[in-house]
Amino acid sequence: MNDQYKTFGTRVKRIHRQHRKLSDGYVTSVNHDGLIIATPRRRRMRVPFAGIALLAVGIIAFKGIVHAQLGPEVYDARIAALSEGSQVEKVGAWIMQADPLTVFVSEQMRNLVPG
């Protein structure tokens, strides 16, 4: 009798595992004998393009604001000092270097805020 409970428990675990897989979506197909089989849908890795774009806009805006606040000469001097540091600081200097888009945002900020 104990053996029956053990096999029943394994069958229930298998059914729950299959149900969890099918709860994310499934595709049905018909066997050669007419039996309808549901197989779990394969998961795809999704790239959050909106999040990446928002991050890029935020970085460009931050660089432009700092560039406008410090001025081009001081900004370039600080980036040069940052590029002399550790590997992480060199990556930060590469990201923060003044590109044409940063300079454009900086000029727009200077025109927007007098002073």
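Visitor: At roughly what angle do the axes of helix 2 (residues 49-70) and helix 5 (residues 100-112) cross?

Guide: They cross at roughly 60° and come within 8 Å. Axes are lines fitted to C-alpha atoms, for helices over the stretch in contact, with angles from 0 to 180 degrees between N-to-C directions; helices are DSSP runs (H or I, at least four residues) numbered from the N terminus. This is a predicted model, where local features need pLDDT of at least 70, side-chain atom pairs count only at pLDDT 80 or more, and totals for chains, interfaces and linings use all residues. Residues are numbered from 1 along each chain as its sequence is written, and side-chain values use heavy atoms, leaving out hydrogens and water.

Visitor: How are helix 2 and helix 5 oriented to each other?

Guide: Angles under 35 degrees count as roughly parallel, over 145 as roughly antiparallel, 65 to 115 as roughly perpendicular and the rest as oblique. Helix 2 and helix 5 are therefore oblique. Their crossing is right-handed (near helix turned clockwise from the far one by less than a right angle; anticlockwise is left-handed).

Visitor: Which residues meet there?

Guide: Contact means heavy atoms within 4.5 Å. On helix 2, Ile60, Lys63, Gly64, Ile65, His67 and Ala68 take part, facing residues of helix 5 including Val105 and Met109. The contact of helix 2 with helix 5 holds seven nonpolar, four polar and two charged residues (Ala, Val, Leu, Ile, Met, Phe, Trp, Tyr, Cys and Pro are nonpolar; Asp, Glu, Lys and Arg charged; the others, Gly among them, polar).

Visitor: How do helix 2 and helix 3 cross?

Guide: Their axes come within 6 Å and cross at roughly 115°, and that crossing is right-handed. Lys63, Val66, His67 and Leu70 of helix 2 touch Pro72, Val74, Tyr75 and Arg78 of helix 3. By class, these are five nonpolar, one polar and two charged residues.

Visitor: And what is the arrangement of helix 3 and helix 4?

Guide: The axes of helix 3 (residues 72-82) and helix 4 (residues 87-96) come within 8 Å and cross at roughly 150°. The two helices are therefore roughly antiparallel, and their crossing is left-handed. Tyr75, Ile79 and Leu82 in helix 3 meet Glu89, Lys90, Gly92, Ala93 and Met96 in helix 4.
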